Structures are given as C-alpha cells and as structure tokens.
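Let's take a friendly walk through a protein structure, one theme at a time. Keep the picture open as you read.

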Amino acid sequence: MSTEDTSHDASGVKASAPARGRGGPRAGSHPDTSVPGRAMSGTEAVVPTGETSTVERDLRPVDSEQKAAPTFQLSLGHSLGLVLALVALIALGAATGGDRFLSLSNMTTILSQAAVIGVISIGVTFVITAGGIDLSVGSVMGLATVWATTLGTQAMANDLHWIVLVLTALAVGAGAGLVNGIIIAYGKVVPFIATLAMLVAARGFAEIISGRQTQIVNVPEFTNAFRRSILGVPVIVWIFILVAVAGWFLLNRTTFGRRTIAVGGNAEAARLAGIKVKRHTMLVFTLAGLCAGIGAVMMLSRTTAGSSTHGSLMELDAIAAVVIGGTLLVGGRGTIVGTVLGVIIFAVLTNVLIQNNLDQSVQALVTGGIIVGAVLLQQRFSREAKRR
Amino acid sequence: MITKGQAAPLLQMSGITKHFPGAKALDGVTLDIRAGEVHCLLGQNGAGKSTLIKTLAGLHQPDDGKILWMGEPTSIPNPTAALQLGVATMYQELDVVDGLSVAENIFLGHEMATAGVLHRRSAASQTRELLARLGHPEISAQQEVGRLPAAGKQVVSMVRALSHDAKLIVMDEPSAVLDPEEVENLFRVVISLKQQGVAVIYISHRLEEIRRIGDRITVLKDGRTVATGLSVEDTSTAELIELMTGHEVVADFGGAPTGAISETPVLSVEDLAVDGLFEAVSFSVRPGEIIGLAGLVGAGRSEILETIYGARKPTAGAVRMEGRQLRAGSVPDAVRHGIGLAPEERKSQGLLLEEPIYRNITLSTFARFAAGGWLREAAERGAAKKQATSLHLSPPDVDRRIRTLSGGNQQKAMLARWLVHGCQVLLLDEPTRGVDVGARAEIYTLIRELTAQGTAVVMVSSEIEEVLGLADQILVVADGRIVDQRPAAALDEHQVLDLVMEGAPA
C-alpha cells in the first residue's frame, strides 16, 4: 500500500478515545435481543420483547429449516479465504523475517499502519455497498488535517480544549462528504465524477489554507491523548477497532444498513418500496466523509502534523481493500469483516516486502497483482452464487 | 428469388417447445413461412410471440422441436448464426446505439474493414443506397442516431436488417412507436421487401394493419399455435379475435366480482396528467372494488399507476386518499397513506434479487419492526414468514434468495410485502406477467380475498380476459386518455378488444 505515513511508533502517554465511527442518523439504545451470528441459526428463538405495536408477530417456533441463506455462506466462505491468505502471508513473513517480524512491536506497527486506511475503508465500504464510489476520501482527509491545524484552530484548542481539533477534523470530513452527497443525490452527478471533482478541489483548498506548508500540531494535550496505548494497544488501533465494530453493527443490524444494501442492490426497487433513496445516498456519502475526518484525527496524532499531502492516493488503497474484502463493486452487498481483513492483508504485505528490502515499486507491482487476483476470484464466487 | 409459393417453404418450425423456470413459454409451436410473404403473428401478450422470435434470432434455444430452413434441418445457436442464415430481427425495444452514426449502426458487428481499418466511404455509400431503397433518402449516413426521432431509429434498425442480406425479416410491433404517416412509410418498405422476395414476419396488435399488408396469419395462444396459414382475405376479424382469446384454458378468477363494500371512495384520482404521457385521468375506487385499466402497451396505463403511486411527478391533477391530497411525486407519502404497487417489471423494479425472500417481503416495512434504528430481524422475519405461509409461497423457506423463486412466487412475495404493510389500495401492474397458469389462479384468488376484506385494487393487464374476469369497472385507455368506462359486466372480450384497438367506443 502506498501510504506516505512514514511515521514512527504510536505509543504515547494518556488517552481517551473520543472518535466513534458512527455517522448513522439513527443509532440508539436497542431492546433488540437478537445477537450477532443469528442468521445462521435456523432456530431463531428470539422472542420479541418490546411492545407488540401495530404488527402481529408470528410466535410459533420457526421450523427446523436449517438452510442458512446462501448470502451468508458466501461471505463466510470469502472471509475464510481472506483469513487463509492472511495466515499464509504471516507465515511468509515469519519465514523470511523470523522473530523480528513476529515481535509484538512489529505487529503493533502493522496495525497502526492499517488503522488510518482501515477507518477510511469502512466508510468507503458503505459507499460501495450503496452502489457508489468515493474517490475523494484521501484528499478530504488531507484537507481535514490542514483545517484542524490552522493557527486559529490550534489557538482555540489551546484556549478551550483539545477536542476542538477533533471536532474540526470531523466536521470538515462530514461536511465534504455531505457536499459530495448533495451533488450526487440531488444534482444527479455520477459519483465517480462528483468525488473526482472533490478529490481535486479538496486538495487545492488544503494547499491554499496551508500555503503548502506542513503545520505542526502544538496542542500537547491532543498529542498526549492519542499517542499512548491502552492495554498495550495504541489508541489509534483502538479507534480502528471501534469504528469497525460500529460499522459492522450499522451495516448489519440497523435500518441504515438495510437501506444501504437495498439502495445498492436495486435503487429502483428501493424507491418503489418507499425508501428515500436520495436522502439515503446523501447520508452514505456523509458517512464516508466523516470516516475520512476520523482518519484525519488519527493521522494528526501519528504524524503530529497537518499537511495537504496527507492521504494522497489513499482512496485507491481503500477501494482496493474494500473490493478484496468481498464487497461487490456494483453494490448491494458489503462486508465490514472483509474490508478489515483486506486492509490488514495489505498492511502485512507491505510489512513483509519492506522486511525483505523490496522497494516501493515492487510493492506496488505485487499489490496490483493481488488486486486483480482477488477480483477474479470474487467474480468466480459471484457466478457460482448465481448458479445456485 | 421471386418465387412465391415455391415447393419448400423458406422456414418451417414444428413442435417448438421452450420452458422457463416456472413457466412454459412455448408449447409446441408450428409455423411455416414462404419467401416473399408477409406473415402476421397474432396473439395476446404472453402468448409466446416474443419467445418465438427470440428463438428464431438465436437468443433462446428451444427445448424441443424442429426448424427447417429452406428444407434443411438447422439449429440457430446464437444471433450470429441467425444472421448467417439470413434471419434479421427488429426488436420492439429499438436496438440501435445512440452515440454512433447511422452508417456505423448499420454495419455494427459486420463492419466493412481491411485489417481493422474501416472503409468509411463505402459504408456510407452503401448506407445511402439502402436508405434510398427504403424511401428515406433524407436520413444522412453520418447523422448521429441519437438525434433521430423514433421512426428514424426504426428505419435504421430496418436498414441494418437489410444490410445483412436477409431472406427473412422479423418485425416485432414495428408500428407501435410510429405516427400514422410513418406507418405508411413502413408499409411501403414492407411491400417493397416483399416484392424483392424477402419474407417478413410481422407482429402487431392492430388488426387493420394486418388487413393492409399481411398475406397469411398465424395465431398463438398460451404458447401454442391455435391456427396457422390463415389467409388474410378469408378470415374475419371476429374469427381472429375468437382464436386469440379462445377459451381452451379456462382461467379461474375466483368467482364473480363482489363489488365495493362501501360507497365512500378510498382513492380518488382527479384530472391527473403527465405531459406527453397521459391527460385528464379521473376515477375513484371504493373499498373492495377492482378497477381494471385495459389498453395497448404504450397507451399510458403503467404510467398512470406510477403517477398515482408518486413514482412520477404529475404535471396536473391530484391524488387523494380518503379525501386527503397526497404529496405529488412522493412514493413515501403514498406508501404511508396505504398505497402499494406491484410493478410491471418485478425483477428490475420490485426485487432485490440477491437478498433473502423475507427481506424482500419487508422492504417497505423493516423500519416498522426496528426500534431506534436497530433492526429486529426475528420479528421482521416472523411477519414475512407468516405472510409467505398464508400465500402458500413455495418453497416456504424465506431465507432463500428470491432469485431462486419462480415468477409466480416472486409475485406472491411482492403481494406479501403489501400485506405486511397493510395496504388500503393495491396498484397491480400486469400482476400475472411471467406467471404460469397454476399460480395465476392462486393470485386471482388472493386478489379476491383481499378485496373481500376491503382492499381496493387498481390493476393493469394486457390480458383482456384477466381484466374482465377480475375487475368490477373497466377503464379503457388509448393514447393517454380514458376513452371509455363501464362495468365489466357490460362488456365482453370482443368489445374491449375493439375499443383497445380502435381507440373509440364500439
């Protein structure tokens, strides 16, 4: 992966993890008794507890048709393939790098490197599942790092609280995503073009703000809060974990996720079923922008600087990770687990190649090959799925 | 080549059978075509005409049956093979590429080129020649096809068929998109083709056209040939209609219409119009009543349903549910007020094919089962399961992908969606398209049960039998206007067919 973060360790002093990867409009407390992993068990013994409201429920024990929906079998099979690929890569790393590769500090480095791109990829997973594409995430992240580190913002953060920095980055990310969403949903511009325009414009805007200078973060409380470890795990890795878990729930367990899948699977059918397709499209792009904002906060803590060059080409890495993970580019099916595995596979791969002193160009070459191979596999999977 | 009535017909098809999952599209079709004749293919929608011509074009492979081409047994494995034989097809949906020029479209797939370099000049000159031959010298070979009117595109499609040196040209409702004047042009072309010894299979719903240019007629019904080789001169219109509608397969419409159970209309449509599609559509439906919209494809029936449902924005008029005006062009508003639509194209407009059945059933209602945005799939799935069971969905496993269901069962899932929602008004667009006879009866019964419970239904169907058998009131739609409205009991199939085809009261 061609990330430019040449950063060092990510262990620090003190923390709290404020950023949450949740942009959904409706997340809340839930009297939902069903548990992750449900769809497999044909015996959903989940008795709805809440009030029975308007809808009658069928409380008969569901018969023992154990047939899991092929959808789940497929994604499980695919994830398994990714896990095997990951294990193979780690074995390769261990064989060539030995203890140095397997050391805790190296593992931490890999995860820290995966964290920023991981959070951004979660957002991109939603966009692609909804049938769109977002090319602007990397450059929006760059813009957010710059905006959050202007002298004005930093002064305010020092006066009030370091959270100002975080909120600014999140607002810039979500705002840029919202602009994308409005242009795409209501202006009817295809996502490829609209986000390509945002890619270019956000980069330019970041350069104007920063005067192409690197802006050092000098809000010590901010740096302290993020550059530390909890239970031996760096805070930014925790953020990645939190965003991934929240993303998984959002996609698989909420109405927001269901709408995302419906819009991506068949936008016309979703519209005729009464789903507000435009509004939802807008929200999905806003979510991707928000994730880019979270990524910006993590980037600031890793590099302790805002720069208009942050995140360049990151959109391609994110899309590659999402597609390798098994999310269909045409929309309608997305997998957060797959995306996380895709991101980690790329991070491990980069690490193994570096350990073996292969240069960036070789990394790029290998990465390209892996993307093609994974997509070819994916096509075979989906053909087989159709035959079923 | 001008060998009318030669010994061996150009094309003989016999016993052609074609199954689709859940439906038998062709069930032993027999057809023979002579060189230099215009052979008309008649039949109601769903009779198997399209499947038959797709078989001829190499798009479908018959499961059984024989095809003789100039006396020789043959098979048509793909579209290229069809063109090599000399069979060219003009489809109903125009198959031209808008961004290319007229000449490029005509030689698409068989470009004149040496080592990949196109012979643009000779392509253009041949195109001009062909256009002149068809009486359309005014169309330029260099013109972009996207800028041509529908009729022009039709001509391009026809020239393309000619450019293949076809011996047989299949025209699927070529007049459907044409103005009367352009239809005259089309006829001249057909007649000139005929004089050159080319055979034409002509599909049209308009009997008067068939009278004008046809030589012989084959009538299809329910995938079978009910009559073939009828002479146009010696067959009366009444006879043809009788053949097309024939009652060998007696459909069970679940009893006689029961009529409204309340006098207060639940849905009223007032002067609804969409520019260029339909105008001044007014009617109302009472609880328990079924209104049937009859008319030709393209008459504006589906568009009327879609506009009532909010899927299209009206340019005039209003839709009221129990007196309250709905927000124009808002599907969520229509759904909230208890209107449901089962669209014409189930697969592209109704279903998430890769998703489980239960999620398709709850596509309009999953949010209702959710608490604070969190899905409650158990409750949701239970409700879907309950409706699936009561509709005898088969197989009854709601976790399967909906793609795996037959057309009839997919339609049941669509209806189940609105049953879970609890609709007061159901809009059904071609509710039995792609549904086999057995499942049709079930769907009819279901519609009856719903209306007995007070649901109002507005349905569109191209099958007149179906509209008459189910509806209480018939609205006849022609060219975007309601030309007639009367109780179904006061009409028979022939009268409706007359109205639909003539566009004027009988």
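## Helices and the two chains

A helix here is a DSSP run of H or I that covers at least four residues, and helices are numbered from the N terminus. With that in hand, look at helix H10 of chain B, which spans residues 331–336 and holds both B:Asp333 and B:Arg336. Those two residues are 3 apart, about one turn of the helix. Please remember that this is a predicted model.

Chain A has 15 helices and 4 strands, while chain B has 18 helices and 22 strands. Of the 388 residues in chain A, 54% are buried; for the 506 residues in chain B, the buried share is 58%. Chain A exposes about 16500 Å², with carbon and sulfur atoms supplying 66% of that area. Chain B exposes about 19400 Å², and there carbon and sulfur atoms supply 50%.

## Salt bridges

Side chains of opposite charge can pair when their charged atoms come close. How many salt bridges does a search of the whole structure find over all chains? The count is 26.

Let's return to helix H10 of chain B. B:Asp333 and B:Arg336 form a salt bridge, with their closest N and O atoms 2.9 Å apart. B:Asp333 has a relative accessible area of 6%, so it is buried, because buried means under 20%. Another salt bridge joins B:Lys412 and B:Glu442, at 2.9 Å from N to O. This pair links distant parts of the chain: B:Lys412 belongs to helix H15 (residues 407–421) of chain B and B:Glu442 to helix H16 (residues 437–452) of chain B, 30 residues apart. B:Lys412 is buried at 4% relative accessible area, whereas B:Glu442 is partly exposed at 35%.

In a further example, B:Glu306 and B:Arg312 bring their closest N and O atoms to 2.7 Å. Is B:Glu306 buried or exposed? With 15% relative accessibility, B:Glu306 counts as buried, and B:Arg312, at 30%, counts as partly exposed.

## Where the chains meet

Some salt bridges share partners, and one network of this kind joins A:Arg253, A:Arg258, B:Glu355, B:Arg359, B:Glu377 and B:Glu380. A:Arg258 also has its charged end over the ring of B:Phe366, 5.3 Å from the ring centre.

## Aromatic rings

A pair of aromatic rings is described by the distance of the centres and the angle of the planes. Over all chains, the count is 7 aromatic pairs. One of them is A:Trp147 with A:Phe205, an edge-to-face pair with 5.6 Å between centres and 90° between planes. A:Trp147 lies in helix H4 of chain A and A:Phe205 in helix H7 of chain A, so the pair ties together parts that are 58 residues apart in sequence. A:Trp147 is partly exposed at 35% relative accessibility, and A:Phe205 is partly exposed at 37%.

A:Trp162 and A:Phe226 are also edge-to-face, with centres 5.8 Å apart and planes at 85°. A:Trp162 sits in the loop between helices H5 and H6 of chain A, and A:Phe226 in helix H8 of chain A, so this pair connects parts 64 residues apart in sequence. A:Trp162 and A:Phe226 are both buried, and together with A:Phe222 they form one aromatic cluster.

## A nonpolar patch

The surface of chain A carries a nonpolar patch with about 550 Å² of accessible area; its residues include A:Val179, A:Val189 and A:Leu196. Which helix gives the largest share of the patch? H7 of chain A does, with 3 residues. A:Val189 lies in the loop between H6 and H7 of chain A and is partly exposed, with a relative accessible area of 31%.

Notes: Residues are numbered from 1 along each chain as its sequence is written. Chains are lettered from A and ligands numbered from 1 in the order in which they are written. This is a predicted model: local features need pLDDT of at least 70, side-chain atom pairs count only at pLDDT 80 or more; totals for chains, interfaces and linings use all residues. Side-chain values use heavy atoms; hydrogens and water are left out. Buried means under 20% relative accessible area, exposed over 50%, partly exposed in between (1.4 Å probe, protein chains only). Accessible areas come from the Shrake-Rupley method with a 1.4 Å probe; for residues, only the protein chains shown count as cover. Rings of Phe, Tyr and Trp (its six-membered ring) pair if their centres lie within 6.5 Å; planes under 30 degrees apart count as stacked, over 60 as edge-to-face and the rest as tilted. A charge sits over a ring if NZ of Lys or CZ of Arg is within 6 Å of the ring centre and within 35 degrees of the ring normal. Patches are made of residues with over 30% relative accessible area and no salt bridge: like charges are joined within 9 Å, nonpolar side chains (Val, Leu, Ile, Met, Phe, Trp, Tyr) within 5 Å. A salt bridge is a side-chain nitrogen of Lys or Arg within 4 Å of a carboxyl oxygen of Asp or Glu.
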